[in-house]
Amino acid sequence: MHENYMAQAIAEAKKGFRQTYTNPLVGAVIVKNGHVIARGAHLQYGHEHAEKNAILYCEAPEELANSTLYVTLEPCHHTGKQPPCTQAIVEAGIKKVVVGQLDPNPLVAGKGLEFLKSQGIEVVTQVLENEARALNPHYNFYHEHKRSYVVLKQAVSLDGKIAVLGKRTALTDDETNRFVHDERDDYQAILVGADTVLIDNPQLFGAGTSLYPPVRVILDETGRIFDKRELQIFKNQSAPVYIFSRRQVANLPAHITVIALSDFSIANILQALYEKKIQSV
């Protein structure tokens with residue numbers, strides 16, 4: 001029984017696909033006497049969470065008393081852009097909460113369930129946990145490993161080459177390019193080296209289907225790109241640009257941030273991105 005309703009909550013969560021930014025996808029279903037009386041999802045970053053939306057969407061609010069809430073992720077117990085979901089659950093009179101996954105975010109991390117239990121609400125956990133976790137692989141990895149989730153995209157010829165040295169080299173067709181641009185919208189940053197910027201002069205955008213475009217990250221230890229202010233990354237201000245470089249340059253556009261590291265290593269670059277709250281690259 002729990003699995004059936006949790007599966008419905010997981011389906012609700014997917015309605016927020018690419019719209020929740022650094023927040024996780026979350027879905028909720030409220031059940032009373034074997035019937036679903038309300039559904040909700042976190043539909044957009046900064047807006048109501050799934051639990052609150054389910055409560056608000058209930059057409060018969062009097063039915064919320066002594067009902068059961070199924071939610072894919074542990075309810076929050078802190079005030080951010082929205083008030084605590086735990087308080088809304090208590091005020092609605094919900095008496096049982098069934099959770100798919102505990103929240104790895106240290107702001108939540110068990111605090112939500114502890115509060116609900118202290119208010120006399122029965123709590124059941126780890127229902128369809130793997131399926132619930134699959135909603136937010138980047139979010140989970142970021143908080144559990146304290147590092148951005150990284151995926152390598154590489155086009156390679158049959159003889160193992162990625163480009164003709166110093167020349168723009170197209171190895172993929174239009175269909176693949178469209179797929180890659182669409183996939184970029186699943187990530188919070190796109191990272192390339194200075195040679196890619198100097199040779200290809202890319203804008204480094206996705207397909208425009210996510211709420212916020214990915215941050216554009218460039219590795220340029222010696223600062224070669226700063227001498228080419230005509231490049232797209234300087235001219236197009238539609239998304240932030242982080243440039244890792246030892247060279248400090250004045251009078252840069254407002255959307256450009258230079259990050260200087262004493263040790264220009266992959267580990268330090270990933271640490272800096274983690275501190276910038278970039279969950280996926």
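How many salt bridges are there between domain 1 and domain 2?

A: The count between domain 1 and domain 2 is two salt bridges. A salt bridge here is a side-chain nitrogen of Lys or Arg within 4 Å of a carboxyl oxygen of Asp or Glu. R18 and D186 form a salt bridge. Their closest N and O atoms are 2.7 Å apart.

Some ground rules come next. This is a predicted model, in which local features need pLDDT of at least 70 and side-chain atom pairs count only at pLDDT 80 or more, while totals for chains, interfaces and linings use all residues. Residues are numbered from 1 along each chain as its sequence is written, and side-chain values use heavy atoms, with hydrogens and water left out.

Now the whole protein. The C-alpha atoms fill a box of roughly 70 × 40 × 30 Å along the principal axes. There are 10 helices and nine strands. Both are DSSP runs numbered from the N terminus: helices are H or I with at least four residues, strands are E with at least two. Of the 281 residues, 45% are buried. Buried means under 20% relative accessible area, exposed means over 50%, and partly exposed lies in between (1.4 Å probe, protein chains only).

Back to the meeting place. Domain 1 covers 1-139, and domain 2 covers 174-276. These bounds come from an automatic or database domain assignment. Taken over C-alpha atoms, the domain centres are 35 Å apart. Domain 1 brings eight residues to the contact, and domain 2 brings 10 residues. Contact means heavy atoms within 4.5 Å.

How much area is involved? The size of an interface is often given as the accessible area lost when the parts come together. Between domain 1 and domain 2, the buried area is about 840 Å². Buried area is the accessible area (1.4 Å probe) that two parts lose on being put together, summed over both. Carbon and sulfur atoms give 50% of the area between the domains. On the domain 1 side, R18, Y21 and H138 supply 71% of what that domain buries against domain 2.

Seven residue pairs are in polar contact between domain 1 and domain 2, both residues being at pLDDT 80 or more. The side of domain 1 that touches domain 2 has three nonpolar, four polar and one charged residues. Ala, Val, Leu, Ile, Met, Phe, Trp, Tyr, Cys and Pro count as nonpolar, Asp, Glu, Lys and Arg as charged, and the others, Gly among them, as polar. A polar contact is a pair of N or O atoms within 3.5 Å; within protein, one must be able to donate a hydrogen and the other to accept it, and residues adjacent in sequence count only if both atoms are side-chain atoms.

Next, look at helix α10, residues 266-275. I269, L270, A272, L273 and Y274 are buried there. Their cover includes helix α6 (137-145) and the strands β6 (189-193), β7 (215-219), β8 (241-244) and β9 (256-259). L270 counts as buried because its relative accessible area is 15%. It touches R147, S148 and V150, leaving aside residues up to four places away in sequence. Just after α10, K277 takes a positive phi of about 65 degrees.

S245 sits in the loop between β8 and β9. It is buried, with a relative accessible area of 0%. The S245 side chain has a polar atom 3.4 Å from the backbone oxygen of E221. That side chain also reaches the backbone nitrogen of G223 at 3.4 Å.

For contrast, take R168. It lies in the loop between α6 and α7 (174-184). Because its relative accessible area is 62%, R168 counts as exposed. R168 touches I199 and D200, again leaving aside residues up to four places away in sequence. R168 and D200 are 32 residues apart in sequence, yet 5.7 Å apart from C-alpha to C-alpha.

Last, strand β3 (residues 68-73) holds T72. T72 is buried, with a relative accessible area of 2%. A polar atom of its side chain lies 3.1 Å from the backbone nitrogen of G27.
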